[in-house]
Every structure is written in structure tokens, then in C-alpha cells.
Amino acid sequence: MRTRKLLVLIAYMLFVLVPIYWLINMSLKTNREILGTLSLWPVEPTLANYRVIFTDPTWYMSYLNSLSFVSMNMVISLAVALPAAYAFSRYRFLGDKHMFFWLLTNRMAPPAVFLLPFFQLYSSIGLFDTPIAVALAHCLFNVPLAVWILEGFMSGVPKEIDETAYIDGYSFPRFFLRIFIPMIRPGIGVTAFFCFMFSWVELLLARTLTSVDAKPIVAQMTRTVSASGIDWGVLAAAGVVALLPGVAVIYFVRNHVAKGFALGRV
Amino acid sequence: MKVHNNKAWWLVLPVVALVAFSAIVPMMTVVNYSVQDIFDPSTRYFVGTEWYREILRDERLHNALLRQFAYSFSVLAIEIPLGIIVALSMPRRGLGVPICLILLSLPLLIPWNVVGTIWQIIGRGDIGLYGRLLHDLGIDYNYASNPADAWVTVLIMDVWHWTSLVALLCYSGLRSIPDVYYQAARIDRASHWAVFRYIQLPKLKNVLLIAVMLRFMDSFMIYTEPFVLTGGGPGTTTTFLSQTLTQMAVGQFDLGRAAAFSLIYFLIILLVTWLFYTAMTHADDKG
């Protein structure tokens with residue numbers, strides 16, 4: 001049993017890692033080597049592809065743009081989802097179940113549906129081509145998800161804690177910020193991870209709502225096609241660089257993800 | 001029990017306001033488009049339900065819808081069991097845990113167009129590892145010209161991309177099972193299957209609900225990955241609904257028809273997800 005489990009795990013990890021290895025492998029090769037031969041590791045390793053990304057302003061600015069709208073989105077999503085999730089987990093109120101499902105339906109709306117309306121909406125209020133437009137647009141699918149995950153975590157915290165705090169004379173905001181939020185820190189970590197993940201990887205909306213100033217890295221990467229064909233090396237390097245913030249985030253929340261989910265209702 | 005308190009609405013209000021701004025306003029625009037024939041911003045005619053009737057009769061869209069359902073159900077049929085198996089195989093404590101979690105999450109964190117690019121490269125017969133391997137084995141594989149190959153490649157790409165999400169969710173569900181349960185099972189000499197069927201599976205029900213719903217919604221809205229990998233081809237083999245819609249709206253600028261299509265598209269997702277949701281929460285109420 002033990003060895004069989006280990007074999008399954010190793011097989012799956014190989015399945016996951018080989019394509020990623022191939023990307024890293026390619027990012028360290030010259031275009032000539034990529035297109036000329038099939039080599040399992042770089043024969044003449046080069047950092048030229050990475051140099052392009054860190055010296056060309058269109059590349060590193062697009063990277064920073066992506067980081068800025070993703071962090072704005074994380075902050076906005078958490079800020080509105082925390083109180084709402086608390087309401088759903090603690091109170092019954094008029095239309096609460098309908099409200100909860102309605103929120104979820106927004107997670108189901110295909111981004112393709114919203115392309116043109118979003119474009120018009122954000123153009124008309126003068127936010128087109130700013131990171132905040134993308135951050136707000138991504139709230140469409142991240143806020144419902146955040147409420148959903150947080151509600152699960154909050155339901156795992158016993159209600160007696162709230163009551164004791166009120167008896168001790170805490171006002172609601174003070175209780176919420178000082179006592180409750182620290183208690184569900186793992187849940188916030190997990191939620192932040194999911195918000196980060198879904199916002200960082202999204203292309204369709206991010207590309208539609210930006211043109212030059214706020215162009216995200218995913219859109220910049222679709223423009224490596226030049227007269228001489230696709231610049232595979234730079235594209236692969238950009239892919240590797242785009243992977244790094246995600247790895248950092250998962251590293252920070254790794255214990256929360258494991259412990260956190262177990263605490264919550266999910 | 002939860003307290004009845006309508007003041008809780010104040011806590012929900014920010015979410016409602018934000019979502020109203022980013023969902024209801026655009027949705028109304030779509031509804032507005034769907035009943036008009038628009039030539040330019042100043043020349044538009046009210047056409048009633050004409051676009052809807054046209055969409056419902058459109059052969060091309062019927063085919064895209066069938067492809068979409070076939071795709072989404074294949075995705076669920078592979079990813080859910082595979083995700084459970086991977087979650088069951090993961091270590092329960094020790095240094096292996098964070099390593100497994102980080103490695104598992106890697107595919108989830110790659111921008112979707114990069115996912116398409118990775119598979120585009122790795123499947124190529126000349127410069128890709130897998131494509132070259134299959135060629136050397138004597139298999140005539142070409143995802144750019146053979147419809148079956150393209151289909152399989154898109155499916156494997158999705159399995160690679162998203163099974164980790166199912167596995168992560170299931171893993172966290174498994175972690176919430178106290179050790180006492182396993183000890184009791186050992187005393188009863190329960191088989192591995194019995195442990196899975198009567199201890200682990202019931203505990204996984206809630207996370208599986210989330211996993212099934214998320215995977216269904218997302219695979220039903222898939223756009224970027226197949227677009228980068230195959231461009232929807234060869235022919236229309238891998239053109240799914242989102243791509244058809246985008247072609248219609250941005251490519252042909254056929255706003256009225258695209259809007260009517262959008263609404264029907266949204267309703268289908270809503271309906272299917274609602275069915276999953278009720279089916280699975282009802283089973284929960286009984287169990």
C-alpha cells in the first residue's frame with residue numbers, strides 16, 4: 001500500500017513537472033538551439049532571454065502592472081468579503097440564501113460575455129487602461145469565491161467567542177478587527193491565495209481593459225511574435241518569471257493551506 | 001443556531017454594491033444589445049426576440065454547445081477521480097507535505113496563455129519533448145492537423161492544469177478527518193475500500209461539491225488555453241463556446257447576436273450548476 005501510494009504520487013508529480021521543466025529548459029537556451037535540436041538540457045546555457053525581460057521597460061513594467069492590479073484585487077476582495085462572509089456565517093436575514101447563490105452566479109458568468117460591456121463601462125468612467133479597472137473587473141469572480149471560502153472558515157469558529165466578546169464590552173468593529181480576524185488568519189491566507197491565483201492568470205479581461213500604460217504581463221507575452229517568428233526563448237523566460245510570484249505566495253501560505261482548510265467547514 | 005437579524009444586510013451591502021457595479025450594470029448592457037440591431041452608436045433598431053430565435057436555430061452554435069458539453073464532462077470524469085487518488089496518496093505529515101503542496105500548486109499559478117504555450121511547444125513534433133517521443137515511437141501524432149490529436153491534447157492540458165486544484169481541495173478535506181476514525185477502522189479490520197467509502201468519501205462531500213462546481217464552470221468558460229494551443233482548430237474541433245462568442249462579438253462585431261448568445265450561454269451554466277448544487281446539497285441533507 002505504502003509503495004503503491006508513493007508510485008502514484010511520483011508518477012503524478014512527473015506528469016506535473018515535466019512540462020514546467022521543459023519551459024525552464026527552453027528559457028535558458030538560444031532560439032537557434034530551441035529550433036535546431038532537441039536537447040534535454042541547455043547545451044549552451046544563456047541568460048540572454050532573462051536579460052531582455054529585466055532590461056526592456058515594456059517587459060518589466062508589464063510585470064509590475066500585473067503585480068499592482070493583482071494586489072489591489074486581493075485587498076478589495078478581502079475588504080468587502082470579510083464582513084459579508086461574517087454576516088452569512090452568523091446571521092439569518094431576509095433573502096440570505098438567495099443572496100448567497102446570486103453571489104455565486106457571478107462566478108459562473110463567462111468573462112467573454114462581459115468583454116464589451118466592461119470595455120464601455122470603464123471607458124465611460126475614465127478608468128480604461130488603469131490597473132484599478134482590471135482589479136475591479138476581476139472582483140467579478142474573486143469576490144464570490146472569497147465570500148464562499150471565508151464563510152466556511154468563519155462557520156468553524158464557535159459562536160461563544162462572539163458572545164463572550166460582547167459581554168466583555170467590545171464593540172462590533174473592535175471585536176471584528178482585534179479578535180475575529182486574527183482567529184481566521186489561515187482562512188484569509190487561503191482566500192488571498194485563491195484571489196491571487198485567479199487574478200494573476202486571467203488573460204481575456206486583463207487584455208481587453210488595458211492598452212499601453214497598464215498592460216499586464218500576460219498580454220505582453222502574446223506580443224512576442226515578430227517578423228522573424230515567435231521569440232520562443234524570451235517567451236519561455238517570461239513564463240518562468242510569471243511563475244515566481246505564485247511560488248512565493250504559495251510558500252507563505254503553505255501551512256495555512258494545509259491547516260486552514262481543515263479548520264473550515266470545507 | 002443562527003440569529004435572525006436583518007441588520008446583517010449592512011455587512012453584505014459593500015459586496016452587493018461592488019457586484020452590482022461589476023455585474024449588473026454590464027449585464028444590463030448585454031440585455032440592451034440583445035434586443036437591438038446596432039449599425040453604429042446612433043443608428044439602432046429595436047428587433048425584439050429576433051436574435052434569440054436566430055441563435056437557437058444556429059447549427060454552428062449547436063455543434064459548439066455539444067463539443068462544450070462533451071469536453072466539460074470528460075474533464076470532470078478524469079479530474080475528479082484522479083484528484084481524489086492523488087490526494088489519498090499524499091503524505092499526511094512531515095516534510096513531504098509542504099513540498100507536495102508547492103509542487104501541486106505550480107500548474108495553477110501559471111498564466112493561462114503560458115499553459116497553452118507550454119503544451120504548444122511540448123507537443124510539437126520537431127522541438128517538443130512529447131511530440132518527438134510519440135514520433136519516435138512511430139505514432140503519427142500532430143495536434144495541428146489531426147482533430148482527434150487536437151482534442152486529446154486540449155484534454156490532457158486541462159487535466160495537467162487543473163487536477164491539482166481538485167487534489168488540493170480533497171487533501172484539505174482529508175486533513176479534517178480525526179485520527180480516531182482511522183484507529184477505529186483498524187480495530188474493526190476495515191478494508192481500504194471500506195475506509196474510503198464510509199470514512200473518507202462522506203467527509204469529502206463538501207469539498208467535492210466545490211471542486212465539481214468550480215471545474216464545471218471553468219471548463220465551460222475555457223477560452224485562453226485552447227485558443228493559444230490550437231486556435232480552435234483543426235477546423236472547429238476545439239472551438240468551444242467562449243471562443244465562438246468572442247469571434248462573434250469582437251471579430252465580426254455582431255453585437256446583437258453576440259449579446260443574445262451571451263445570455264443563453266450564461267443561463268446554461270447557471271442551470272447546470274444549479275442542478276449540481278441542489279443535487280449535492282440535497283444528498284447532504286439526507287445523509
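Visitor: At what angle do α7 of chain A and α1 of chain B cross?
Guide: The axes of helix α7 (residues 131-155) of chain A and helix α1 (residues 9-34) of chain B cross at roughly 140° and come within 9 Å. Axes here are lines fitted to C-alpha atoms, for helices over the stretch in contact, with angles running from 0 to 180 degrees between N-to-C directions. Helices (H or I, at least four residues) and strands (E, at least two) are DSSP runs, numbered from the N terminus.

Visitor: Which residues make that contact?
Guide: From α7(A) they are A:L136, A:A137, A:C139, A:L140, A:V143 and A:V147, and from α1(B) they are B:V15, B:L18, B:V19, B:S22 and B:A23. Two residues are in contact if their C-beta atoms, placed from the backbone, lie within 7 Å. By class, this contact has 10 nonpolar, 1 polar and no charged residues. Ala, Val, Leu, Ile, Met, Phe, Trp, Tyr, Cys and Pro count as nonpolar, Asp, Glu, Lys and Arg as charged, and the others, Gly among them, as polar.

Visitor: Is the model predicted or experimental, and how is the numbering set?
Guide: This is a predicted model, in which local features need pLDDT of at least 70 and side-chain atom pairs count only at pLDDT 80 or more, while totals for chains, interfaces and linings use all residues. Residues are numbered from 1 along each chain as its sequence is written, and chains are lettered from A and ligands numbered from 1 in the order in which they are written.

Visitor: How does α5 of chain A pack against α1(B)?
Guide: Helix α5 (residues 96-107) of chain A packs with α1(B) at an angle of about 35°, and their axes are 11 Å apart. The contact involves A:M99, A:L103 and A:N106 of α5(A), together with B:V12, B:V15, B:V19 and B:A23 of α1(B). Its residues divide into 6 nonpolar, 1 polar and no charged.

Visitor: And how many residues does each chain give to the whole contact?
Guide: Chain A contributes 75 residues and chain B 72 residues. The side of chain A that touches chain B has 63 nonpolar, 6 polar and 6 charged residues.

Visitor: Which strands pair between the chains?
Guide: Strand β1 (residues 91-92) of chain A pairs with strand β1 (residues 3-4) of chain B in the parallel sense, over 2 bridges. Pairing requires that DSSP find at least two bridges between the strands. The bridge partner of A:Y91 in β1(B) is B:V3.

Visitor: Changing topic, where does UniProt place the domain in chain B?
Guide: The unreviewed UniProt entry gives "domain: ABC transmembrane type-1" for residues 65-276 of chain B. UniProt positions are given in the numbering used here, feature names are shortened, and annotations may be inferred rather than shown by experiment. That span is 75% helix and 0% strand, with its end C-alpha atoms 19 Å apart.

Visitor: What about residues 132-154 of chain A?
Guide: UniProt (unreviewed entry) lists residues 132-154 among the places of the feature "transmembrane region" in chain A. The chain there is 100% helix and 0% strand, and the end C-alpha atoms are 29 Å apart.
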